[in-house]
Amino acid sequence: MDVILMILYGIIVLGFLVFIHEGGHYLAARAFGVRVTEFMLGLPGPNIGFTKGGTKFGVTAIPLGGYARICGMEPGGESPHLERVLACVLRRGVANMEDVATELGISDDDAYDALEQLTEWGSIAGPTKKDQFNTYRAPEIKPSRRELERGAVAYELGQQRIVADPRGFFESERKQQYRSLPFWKRSVIILAGPVVNLLFAVLLFIVLFSIIGFDVTNTQTGEISHMTVSPLQAIQAGFTYIGMVISAVVGLFNPATFGDTVSNSTSVMGIAVMAKEYADLGLVMFGQFVAMISVSLGIMNLIPIPPLDGGRFAIEVFQKISKKFVSLKALNYMSTVGMLLFVGLFLVMINQDIQRFIFGNWG
């Protein structure tokens, strides 16, 4: 039963914190008019959910992590054939890559690049597992009741449609893409997730310390008294803890402190174990634990290594300064290196947690 509770508490804590983290990205993107095709809790894969406002909300088969699929975040420059390829697919309804290339007089590679980019934009639907060829389709459109009253038209997946103004339609699609935004708006979308985690933690500190309050034991008399502090003091406590976590994360980049920092860290397993321990201590202690994990999640995501938010922000800064795009190949290489680093750290920390919580022989 304890193991089940540990898993349950771990999923609840991490699931909720990932939800508000990705919610920050989602809300920032939608506030700037950027299309978000998926908002999922869990790793990419088979999922269940519902679609509303052009976004599919749901849960995947592996409920660890989460993601918001923000359109137009693919690396590299834009294909010069996007407008014509988009019009071709919409006109045909269903189109194979080779047919698009032949009709437009471009190479298969150029057609494929444009089709894949438009798929990333959510402007067309990509091939399914059942497709024998690289088949693309005009997207399904389900207007809301209010939109239907305003004259919007519903379309089924793969249904042909006539676009009277291909240039205007393409520009309207492009305006819904992350890449169409100025640097500062792209930065807001990237940093919104970590910022929401940090703000949530500070808000939780205010609720716990200024509204609910906490018990203090007099070490001399053993008397227990209930106390609250001002919201300003609670905020100061929150930012003090944030500063401590930042110092700890910086320690990962210092060879002299790297070992101590890793040994004092924990994995998903440790979070699950501690979540139950803190929950057993009461609401206030459990709330403090959730706030601490939220801070850690926010700060860790600011590390300037792809595929973390900090890595994406570093790439945006580089592109802004250099006026050059980071290629897909370069981004994949950096992301692979980053993932290998984090997998290595994860394996070290999971070993520590096994030694600590199962065998009880970790110092």
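**Briefing: contacts, sheet and loops of a predicted model**

Leucine 331 touches Pro75, Pro306, Arg312, Ile315 and Val326, when residues up to four places away in sequence are left out of the count. The model in which these contacts are found is a predicted one, and its secondary structure comes to 13 helices and eight strands.

**Around leucine 331**

- Leucine 331 lies in helix α13, a helix that spans residues 328–359.
- Is leucine 331 buried or exposed? Its relative accessibility is 12%, and leucine 331 therefore counts as buried, the cut-off for that class being under 20% relative accessible area.
- Between leucine 331 and proline 307 there are 8.7 Å in space, C-alpha to C-alpha, although the two residues are 24 apart in sequence.
- Pro306, one of the residues touched by leucine 331, is joined to proline 307 by a cis peptide bond.

**Loops on either side of helix α12**

- The peptide bond between proline 306 and proline 307 has an omega of about 10°, and proline 307 is found in the loop that lies between α11 (283–300) and α12 (309–322).
- Lysine 323 is found in the loop between α12 and α13, and its phi is near 65°, a positive value in a residue other than glycine.

**The four-stranded sheet**

- Which order do the strands of the open sheet follow? Its four strands are arranged as β2-β3-β1-β4, and the pairing is mixed.
- The edges of this sheet are taken by β2 (47–52) and β4 (66–70), and because each has a single partner strand, one side of each is left without a neighbour in the sheet.
- On average, and with direction ignored, neighbouring strands of this sheet are turned by 15° against each other.
- Strand β1 (residues 36–41) runs antiparallel to β4, to which it is joined by five bridges, and methionine 40 stands opposite tyrosine 67 in β4.
- Strand β1 is also joined to β3 by four bridges, with the two strands running parallel; here the bridge partner of phenylalanine 39 is phenylalanine 57 in β3.
- Six bridges connect β2 with β3 in an antiparallel arrangement, and among the paired residues are lysine 52 and threonine 55, the latter in β3.
- The hairpin of β2 and β3 has two residues between the strands, and in this hairpin glycine 53 takes a positive phi near 65°.

**Helix α1 and the sheet**

- Helix α1 (residues 2–31) packs on the sheet, where it touches β1, β3 (55–60) and β4, and its direction makes about 170° with that of β1.
- Tyrosine 26 is found in helix α1 and, with a relative accessibility of 16%, counts as buried.
- Which residues does tyrosine 26 touch, residues up to four places away in sequence not being counted? They are Val36, Phe39, Thr55 and Phe57, and among them Phe39 and Phe57 are bridge partners.
- The C-alpha atoms of tyrosine 26 and isoleucine 70 are separated by 7.5 Å, while 44 residues separate the two along the chain.

**The hairpin of β7 and β8**

- Strand β7 (residues 214–217) and strand β8 (residues 224–227) run antiparallel and are joined by four bridges, and phenylalanine 214 stands opposite methionine 227 in β8.
- Six residues lie between the strands in the hairpin of β7 and β8, in which glycine 222 takes a positive phi near 80°.

**The protein as a whole**

- Taken along the principal axes, the box filled by the C-alpha atoms is roughly 85 × 50 × 45 Å.
- Of the 363 residues in the protein, 39% are buried, and the protein exposes about 20400 Å², of which carbon and sulfur atoms supply 64%.
- Among contacts with a separation of 6 or more, 61% are accounted for by residues 24 or more positions apart.

How values were computed
Residues numbered from 1 in each chain as written. Predicted model: local features only at pLDDT ≥ 70, side-chain atom pairs only at ≥ 80, totals over all residues. Heavy atoms only, no water. Buried < 20%, exposed > 50% of the residue type's maximum accessible area, 1.4 Å probe, protein only. Contact = heavy atoms within 4.5 Å. Areas by Shrake-Rupley, 256 points an atom, 1.4 Å probe, with all protein chains shown as cover. Pairing = 2+ DSSP bridges. Axes fitted to C-alpha atoms, helices over the stretch in contact; angles between N-to-C directions.
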